[in-house]
Amino acid sequence: MGRDWVGAYGAANATPAFDRLATDGVRFKVAWATPLCTTTRVSMLTGQYPYHNGWTRHYDVPRWGGVGLDPGRFTTLGMFMHRAGYVTAIAGKWQVNDLRPDPHIMQRHGFDEYDLWPGVESGNPASEKRYWDAYLEHDGRRRAHTGEFGPDVVQRFVLDFIRRNRDRPFFLYYPMINVHAPNEPTPLNRAHPPKGEAALYAGMVTYTDRQVAELLRTLDELGLSDHTIVYLAGDNGSSTGGTLHGRPMPAAKNRLSDLGVHVPLIVWGPGIVRRGVVSDALTDFTDLLPTMVEFAGAHLPAPGTFDGHSLVPELTGRPGNEPPRDWVFTEYGNGRAVRDQRYIYDNSGKFYDLWTDPLQQHDLSANQTPNLVRERDHLGDVLARRPPDGPVPFPEFAHAEQLLRDTMAKARARREAAAMPH
C-alpha cells in the first residue's frame, strides 16, 4: 500500500486510524522502500541495503526453494529485540524462509511466538489461501481456518499477545496479510462484494485501517499507549492506483520509480515520540532497525554494521550524533536510484525534478542549467559510490526474475479473465 491510499498523505480514501497516528505522531514526507515486499522487509530486518544483504530481487522461498534469510549470517531485528529483554512475536506473513524444513527458524530469528501465513508453498495447494479459509501456522501447528478470514485470525493472536504481555516489555512485528492481491471481499462487504479490482482493494484498505483502530483501542484500554511506539509503513507502491491531492495515481508496485518506492511511514508514541509533526527528514527502510534497537536500549553494533541511521533524534527532538541524511537509496534487480528532497537519479542516467514532475515524465538528464547540473552530478556521485552487489542468499536466486515474471503473468491473466463479462 502506497501513500495514495492514506488520507493523511492526501488520498481520497478514508483512513481514520492511520490518520490518528499521523495527527498524534510523526509523519515522514519522504520514506523510501524497494518496489516489492520481500526486498523491503529484508532491508528492514537486517538494516542493510540489498547490495549488502544479497536480496536484490523478490524471491518467494516457500514456493521456489532455497535457504532464504539465514539467521546464522544476519543478526535480524527480532534477534536484537529478544536479546534486549523483550518478549517477541511476529504475525502476518513471512515468505523469506520456508517454515517446513526448520521448525525452529522463527525462534532462530528471535521470535518467541508467531502466527503466520507461510506463503504459497510448493506441493501444498492449501497454502494458497491467505484470506478466506486461510492456511496459517501458529507456533509450529498449521491448519486451514475453514470459513474464517485470515487477517481476523492473525488479529486475534496479535491482541491476545499484547494482553498476555501487558506487564512486560514486548515487541510485535506485524507484517499484515492485507493489503495484497488477490483482492478479495472482507467481512465488511462479503455479503455485497464490490465490483472491480479498485473497489475490492479499497475495501481491503478500509478493513486494514479498522484493524489498526482495534489495535490502538486495545493499547488505550490496557493503559499501554503512553509507553508503546507504533510504526505504520507500506513496503512498496500500491498495486492498485489511488489518488494524491485529487490526482489519480497509476499502480506503481514493481516499478523502480519514486511512486513505486515512496511509501507511508508514520511513527506514533504519545509518551515518547513528538506529536503532530510532519517531518522533512529523508528516511528509508534501513533506518528502522537501528531506530527500534536504540529505543529498546539495546547495544548498537559498531558503526558501519547498518546502512541505516537511527531516527530517534528526529522522533524525539533530541540532538543526535549523526547529521541528517541528504539522500535515500533504493535498488531492485539491476536498477538503482537515489533521491534528495527534490530530485531523483537512477543508474540508467535519467534525472527528474519530483516537485514539478512527480510521475517522472520529463527526463532532465540533458538539461545544462547550472543548478540542475550540480544536483545531477551530486546524486550521480552518490550512486557511483555504492558498492557492487554482494553474494546472493541462495543459488536459486538467479532464476527469481523469470519465476516472478511467470507468476505475475499468471496473476494478470486471472485478473483479466475475472474482469470479462459473463
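**Aromatic pairs up close**

Modeller: Happy to! Trp94 and Phe111 are both buried, where buried means under 20% relative accessible area, exposed over 50% and partly exposed in between (1.4 Å probe, protein chains only). Keep in mind that this is a predicted model, with local features needing pLDDT of at least 70 and side-chain atom pairs pLDDT 80 or more, while totals for chains, interfaces and linings use all residues. Residues are numbered from 1 along each chain as its sequence is written, and side-chain values use heavy atoms, leaving out hydrogens and water.

A pair of aromatic rings is described by the distance of the centres and the angle of the planes. Here, rings of Phe, Tyr and Trp (its six-membered ring) pair if their centres lie within 6.5 Å; planes under 30 degrees apart are stacked, over 60 edge-to-face, the rest tilted. The structure has 15 aromatic pairs. Trp94 is in the loop between β3 (87–93) and α6 (105–108), and Phe111 in the loop between α6 and β4 (113–117), so the pair ties together parts 17 residues apart in sequence. Helices (H or I, at least four residues) and strands (E, at least two) are DSSP runs, numbered from the N terminus.

Phe149 and Tyr207 also pair edge-to-face, with 5.4 Å between centres and 90° between planes. This pair links distant parts of the chain, 58 residues apart: Phe149 lies in the loop between β6 (141–144) and α7 (150–164), Tyr207 in helix α8 (residues 197–221). Phe149 is buried at 2% relative accessible area, and Tyr207 counts as buried at 6%. Together with Tyr131 and Trp132, Phe149 and Tyr207 form one aromatic cluster.
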